[in-house]
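Please have the model open beside them.

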Amino acid sequence: SESCDWKPFLERGDIIVWRREHADLPGMWEYKMYGSFDDVTADEFLSVQLDMSEFRLSWDKSTAQCNVLDKDPDTGNVVYYWEVNWPRFFSNRDYCCYREHSVDPVTGTMLVSSRSTEHTKCPSKRKVWRVQDYKSVMTIRPHTTSDKPGLEFSITGFENPGVQLPEAIITWVAIRGMPEFMMNLREACIKLRRDQKLQSVKVVTSSHVKEEEASKQSYQDTLQSGMKQTPIYA
């Protein structure tokens, strides 16, 4: 059966990856990954996964550049450009993709899907290999609610690199592109939460200091005013 075609490929911490040979493209592989994190919320996970700002480059070292080219204001679906670093002697790979995401209001399950597309703002570049056939589907399920730590996720994906690659390179790409990426994403979620809490503390502290300063100034003004109005006897 189709489900039995998947073979265990690798395991890293809380993440397991299977793969199977593509039915129509011998030597090409489809991948399926499952993971469970108990220290990250589904909201954080989705937010960092969708992020294409400079923050992405701070934790995702495999990405050379990424940016949103077009966005549907009603759905939030986007067309994005993504360039991925490859080892020395290989050209970087880049992608032009359409991405959509949704959240089931009943179960809280989140869905993110991406696929190759074409766009006028995304022409092919010299010295970078354009991946024309790419697709991935990710589901994220909170253990309880999306704002509480604990989630599980699964991803099914395929890309045709356009050339036959050595098995060692295929394995390297798979490891970096799946479990390693997800572990880094997890750390990014935790760092973002920590930074937001720190910023919150700074705002509260700053506000408290300003209130204290204002209170002191008000007391001094009142004191000086009272001294001017009260006769002083020597």
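Which residue in S8 is the bridge partner of Arg93? That partner is Trp129, and the points below start from there.

1. First, the ground rules. This is a predicted model in which local features need pLDDT of at least 70 and side-chain atom pairs count only at pLDDT 80 or more, while totals for chains, interfaces and linings use all residues. Residues are numbered from 1 along each chain as its sequence is written, and side-chain values use heavy atoms, with hydrogens and water left out.

2. Now the strands around S6. Helices (H or I, at least four residues) and strands (E, at least two) are DSSP runs, numbered from the N terminus; two strands pair if DSSP finds at least two bridges between them. Strand S6 (residues 92-103) runs parallel to strand S8 (residues 128-130), with 3 bridges joining them. With strand S5 (residues 78-84), S6 pairs in the antiparallel sense over 7 bridges, and Val79 stands opposite Tyr98 there.

3. S6 is also joined to strand S7 (residues 110-116) by 7 bridges, and these two run antiparallel. Here Arg99 stands opposite Ser114. The hairpin of S6 and S7 has 6 residues between the strands, and in it Gly108 takes a positive phi near 80 degrees.

4. Next, the nonpolar core: a set of buried Ala, Val, Leu, Ile, Met, Phe, Trp, Tyr and Cys residues joined through side-chain atoms within 4.5 Å. Buried means under 20% relative accessible area, exposed over 50%, and partly exposed in between (1.4 Å probe, protein chains only). The largest such core has 42 residues, and Met33, Phe45, Ile140, Phe153, Met182 and Leu185 touch the most other members. Helix H3 (residues 167-229) gives the most to this core, with 10 residues. Apart from it lies another core, of 5 residues, among them Leu69, Val79, Cys96 and Cys122.

5. Phe153 is worth a click. Leaving aside neighbours within four places in sequence, Phe153 is in contact (heavy atoms within 4.5 Å) with residues including Ile15, Tyr34, Phe37, Thr139 and Met182. Phe45 is also among the contacts of Phe153, and Phe45 is one of the buried residues of H1.

6. On helix H1 (residues 42-50), 7 of the 9 residues are buried, so the helix is largely enclosed by the rest of the structure. The buried residues include Glu44 and Gln49 as well as Leu46 and Val48.

7. Finally, Arg20, in strand S2 (residues 15-21). Arg20 is buried, with a relative accessible area of 13%. Arg20 and Lys7 are 13 residues apart in sequence, and 6.2 Å apart in space, C-alpha to C-alpha.
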